[in-house]
Amino acid sequence: LLEPHNAASIDPQIGLVGDLREIVELFKMVGFTYDGGKWPTARVASRNLEKTEKFPSDLALLSDETIRLICEFVILDYYLFAFEPPEVCRDQIEADIVKIDKISLSVDSKKKQRKQQ
């Protein structure tokens, strides 16, 4: 995602990227009705005894390499949401976010320049 891209280089499984502050409107765009209320809590994994036993959340049980692989798999979550990455991934993710911010600012300034012309 950090490389200059064209339509062919963006992951084809990414259909929409949006700001969660605009979640109601984003859902409307994809045909999903949501009034902005609270989500149902019946499927919260932390309350599911079977999931908590089979998939413990203690990072000390995982090797650094496994944590890095997980970070790589969910890296968009760290870029798009306010999730705190694990220590072994933090430096790389924070460096990536700085690059993303620079790209975003660059694109925004180019758009402003075009509007002024």
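1. Helices here are DSSP runs of H or I with at least four residues, strands are runs of E with at least two, and both are numbered from the N terminus. The side chain of D96 makes a polar contact with the side chain of Y79, at 2.6 Å. A polar contact is a pair of N or O atoms within 3.5 Å; within protein, one must be able to donate a hydrogen and the other to accept it, and residues adjacent in sequence count only if both atoms are side-chain atoms.

2. A word on the source: this is a predicted model, where local features need pLDDT of at least 70 and side-chain atom pairs count only at pLDDT 80 or more, while totals for chains, interfaces and linings use all residues. Residues are numbered from 1 along each chain as its sequence is written, and side-chain values use heavy atoms, with hydrogens and water left out.

3. Does D96 have a charged partner, or none? D96 is buried yet has no salt bridge, and the nearest side chain of opposite charge, K99, is 4.5 Å away. Buried means under 20% relative accessible area, exposed means over 50%, and partly exposed is in between (1.4 Å probe, protein chains only). A salt bridge is a side-chain nitrogen of Lys or Arg within 4 Å of a carboxyl oxygen of Asp or Glu. For charge, Lys and Arg count as positive and Asp and Glu as negative, while His and the chain ends are not counted.

4. Now the whole chain. It has 5 helices and 0 strands, so from the N terminus on the elements run α-α-α-α-α. Of its 117 residues, 11% count as buried. The accessible surface comes to about 10400 Å², of which 56% belongs to carbon and sulfur atoms; such areas come from the Shrake-Rupley method with a 1.4 Å probe, and for residues only the protein chains shown count as cover.

5. How many salt bridges does a search of the whole structure find? The search finds 3. In helix α3, E65 and R68 lie 3 residues apart, about one turn of the helix, and they form a salt bridge with the closest N and O atoms 3.8 Å apart. E65 counts as partly exposed because its relative accessibility is 46%, and R68 is also partly exposed, at 39%.

6. R90 lies in helix α5, which covers residues 87–116. The side chains of E84 and R90 meet in a salt bridge of 2.9 Å, N to O. R90 also forms a salt bridge with E87, the closest N and O atoms being 2.4 Å apart. Salt bridges that share partners join E84, E87 and R90 into one network. E84 counts as exposed, at 57% relative accessibility, and E87 is exposed with a relative accessible area of 57%.

7. Is C71 buried or exposed? C71 is buried, because its relative accessible area is 3%. Not counting residues up to four places away in sequence, C71 touches Y78, P86, C89 and I93, where contact means heavy atoms within 4.5 Å. The C-alpha atoms of C71 and V88, 17 residues apart along the chain, are separated by 9.1 Å.
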